[in-house]
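We will go stop by stop.

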Amino acid sequence: MARGGKRGKRGGGRGGGANGSKQRNPDDRTDLIEQADMQNERFFAYYKAQQIVPEDEWDAFVAALRGHLPTTFRVAGSRQVATTLNTMIKELHVPNLSDVVFEGLEIPPPVQLSWYPDGLAWQFNVPKKVLRKSPEFKKFHSFLVFETEVGNISRQEAVSMLPPLFLEVEPHHKCMDMCAAPGSKTAQILEALHAADTENVASIPPGLLIANDSDNKRTHLLIHQSARLPSPALMVTNLDASGYPGIKVPAHMNQSAVPAIAGTAPSPGERLETLLFDRILCDVPCSGDGTIRKNMGIWKSWLPMDGNGLHALQLRILQRAMNMLKSTGRIVYSTCSLNPVENEAVIASALLANKDFVLVDVSDKLPTLIRRPGLTTWRPACERAAVRTFESYEECMASDVDENVKAKMSPGQWPPEEGVESLALDRCMRIYPHLQDTGGFFVAVLEKRPRAKKAATSTTAKRELADDVDAQPETKRARLDDDANATQAAAERMVVELEAVEEATSGSTAEEAIDVDAASSAPDVDELVDAIVEAETDADVADASEEAKADIADAPQPTGPTMRIGKKLARGEGGFKENPYTFLAPDDPVLVSCLARLHINGFPSSNVLVRNPAGAAARSLYLANDLVKAVITHNSFERLRLTAAGTKVFAKQEGGSARAAATAAAAEAEADGTETGSAGAEAQFRVLGEGLPVVLPYVDERFIMEGDMPALRTLVEAYYPLCATFAEPFRGAIEARASGSHVVRFPLGNLDGASLTHDLVLPIWKSNVSVTLMIDKKAKSALSLRLFGTDITTAGQQAQAQKEKETEKSAA
Ligand SMILES: C[S@@+](CC[C@H](N)C(=O)[O-])C[C@H]1O[C@@H](n2cnc3c(N)ncnc32)[C@H](O)[C@@H]1O
């Protein structure tokens, strides 16, 4: 039975337990360890042998692995919204949760993660039972659920928040998220691009974010997630990151900063270059054993050789990122694995093959984050028992180890024999569960040093020149760098590695050995690499990491088109059924009519695109910035497997009231001679809630309606309130408006204890006799709960909505 309740203030401080309560120890799970089988002798043997933590920390490390993982969340969205919400958590929720006792145990309130900038990330460690049954935590939980649904809060593992912070994205950066789904880090990158957003107005960043994932289903999840922060700078693609094609853009777009919307076409004869990125995130697929606290199944399933099969793919993804990065640009490589084969070994191989890259010393960044340096020595596992290891690849090959295991080994999985000190692998960061009660994680920050002038004529420098990159066949672009500057040792190491791969593929089936690009004949080493990596990692890739799996389980279901999923699609072979992207001419009648009816002036009309099957009428209009437009204009969307671009701003309103509104508007236009375009009565578009922040700066101020708190309350709590139910002055104002899409500003104010801390601007749709708030149902619920404390999602409320709808119908 629930015995939740607030402990009296006089009951003593936390930990005191004057009323018989005791401080809850979330790690006290000795009884659970056996029950849940939180044992894996191989796991312990392998990581103990690697000395991933000092001897005297081992017990704390193991205890933390077995402990309950705290819940963490990040206050997301634009900085201003985030600050408002964060203040609310600090000043309203935390005090309310500060003295909770549940079943005799003191429950600690949420605390801020000390290292997260501006205190915007929080952690609390509360059993599910408490969340469900303690009235205080139940309320807090509902608040979290609502705000998560509208995108103001992102439930994300603490360690997973790190890579984007080290990426240091600015609004003008061209960014690539190579393995992005389900998109928690993509959201952080988007927020950084949108740092200039305010509460009601979204900026149009000059930069770009291409979020890519090879799994089509997860790509749609990614689109769904990123819809919470709509951005004209976002594109989503569905490709194998290790073979990501070069993207052509007019040469000037490769400069460090381009305007967000210049509206100018490339100068005649301007040459196209391959786009180079300022920032690339490689949050690669991994064995995921750092998530063992959350994904308990790993205790049972973990095998020491899990990481071996992923090493090659991880290296190829990183290598491709290195080729796409501009000079002085930055890559963050991360995994939720503890295994050095997936971490330091990948970084070491990549650095040896790319001499113009260095590991960045970020020890002064996020100073309160406790971390351990990257390893400089380790030994890959070659046997299930994790007892016998080998000092070198050669030693392993000469041993009696199973031939199938040998086939998955490569020299790069061992520490380099020479020059390991010069790589500064200790600059990599290892985050362990016992350090600050998190999951396990690995992060490395790499930068590309500018080349010396002389090198500009070298083969490597030439490759950096955009045109050269694209001159290679697509399947070969991910090849391990043949950098002219690579040392002899590195080159030899690479040759042995590739030979091993070649040898390994000799027994593979014809289908496995055939490369993704049917056009390329004579399979070379790269093609063989593709085949072996695929053979080795298919299972892992299909499942992705445990972290992502857990995230996906939490995430809402995608709403995109149903498409075939699987290996073939992941390689870019399968049928690609997305609609083409077409930019409208600025004088397109539908666009002109839409803007005129909504009183929008100076809108970047050259950057509006539609996605319709050829010949179909436009239903939704999207806005893209210049970089997104350039990418779409100069590249085949099918080759890029482009699944989303820009942000949806206007949508065609369907139904009887839309037709009536269109007819009335057309008649009105005819009567007063204000022609709104030839679309006439056919096209009635509305501004979307998600698009309004981008559109708002262009809406004629004189046509923005003034709302008030009582009107806001009615709009939020009722579904189709009749115009007549509003009090003056809003009633008169709305009745005077024509049917159709309108924008209302609700100035900050108070009503019965509810207060707006900043102006709120929202879209509405007026039909004959009623008016509707045109925001997503979940956003409406969150607003209602946040402002007025009303839960409009209950069955009773829904019945009320139905009743109101019926009243409206009969009145109409
Ligand atoms: C660790 S998860 C990424 C998590 C994501 N960055 C986030 O923060 O939400 C790895 C992702 O890589 C994707 N993936 C696997 N192989 C890939 C490949 N060859 N190219 C691109 N993505 C790949 C998986 O589908 C999975 O979504």
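How close do the axes of helix 27 and helix 29 come, and at what angle do they cross? Keep in mind that this is a predicted model.

**Stop one: helix 27 and helix 29**

Select residues 709-717 for helix 27, then residues 777-788 for helix 29. Their axes come within 9 Å and cross at roughly 135°. An angle over 145 degrees would count as roughly antiparallel, and 65 to 115 as roughly perpendicular. Helix 27 and helix 29 are therefore oblique to each other. Their crossing is left-handed.

Now show the side chains at the contact. On helix 27, pick R713, V716 and E717. On helix 29, pick K780, L783, S784, L787 and F788. Colour them by class, and the contact of helix 27 with helix 29 shows four nonpolar, one polar and three charged residues.

**Stop two: helix 6 and helix 29**

Keep helix 29 on screen. The crossing of helix 6 with helix 29 is left-handed.

Which residues meet here, in helix 6 and in helix 29? From helix 6, select F146, E147 and E149. From helix 29, select K778, S781, A782 and L785. By class, the contact of helix 6 with helix 29 has three nonpolar, one polar and three charged residues.

**Stop three: C336**

UniProt lists C336 for "active site", in an unreviewed entry. Find C336 in the loop between strand 15 (325-335) and helix 12 (344-353). Is C336 buried or exposed? Count its C-beta neighbours inside 10 Å: there are 29. The cut-off for buried is 20 or more, so C336 counts as buried.

**Stop four: V387**

Next, select V387. V387 sits in the loop between strand 17 (372-373) and helix 13 (393-398). Is V387 buried or exposed? Within 10 Å there are 12 other C-beta atoms. Exposed means 12 or fewer, so V387 is exposed.

**Last stop: from V387 to S593**

How far apart are the C-alpha atoms of V387 and S593? Draw a distance line between them: the separation is 73 Å. Along the chain, V387 and S593 are 206 residues apart.

Definitions and conventions: Residues are numbered from 1 along each chain as its sequence is written. This is a predicted model: local features need pLDDT of at least 70, side-chain atom pairs count only at pLDDT 80 or more; totals for chains, interfaces and linings use all residues. Axes are lines fitted to C-alpha atoms, for helices over the stretch in contact, and angles run from 0 to 180 degrees between N-to-C directions. Helices (H or I, at least four residues) and strands (E, at least two) are DSSP runs, numbered from the N terminus. Angles under 35 degrees count as roughly parallel, over 145 as roughly antiparallel, 65 to 115 as roughly perpendicular and the rest as oblique. A crossing is left-handed if the near helix is turned anticlockwise from the far one by less than a right angle, and right-handed if clockwise. Two residues are in contact if their C-beta atoms, placed from the backbone, lie within 7 Å. Ala, Val, Leu, Ile, Met, Phe, Trp, Tyr, Cys and Pro count as nonpolar, Asp, Glu, Lys and Arg as charged, and the others, Gly among them, as polar. UniProt positions are given in the numbering used here, feature names are shortened, and annotations may be inferred rather than shown by experiment.
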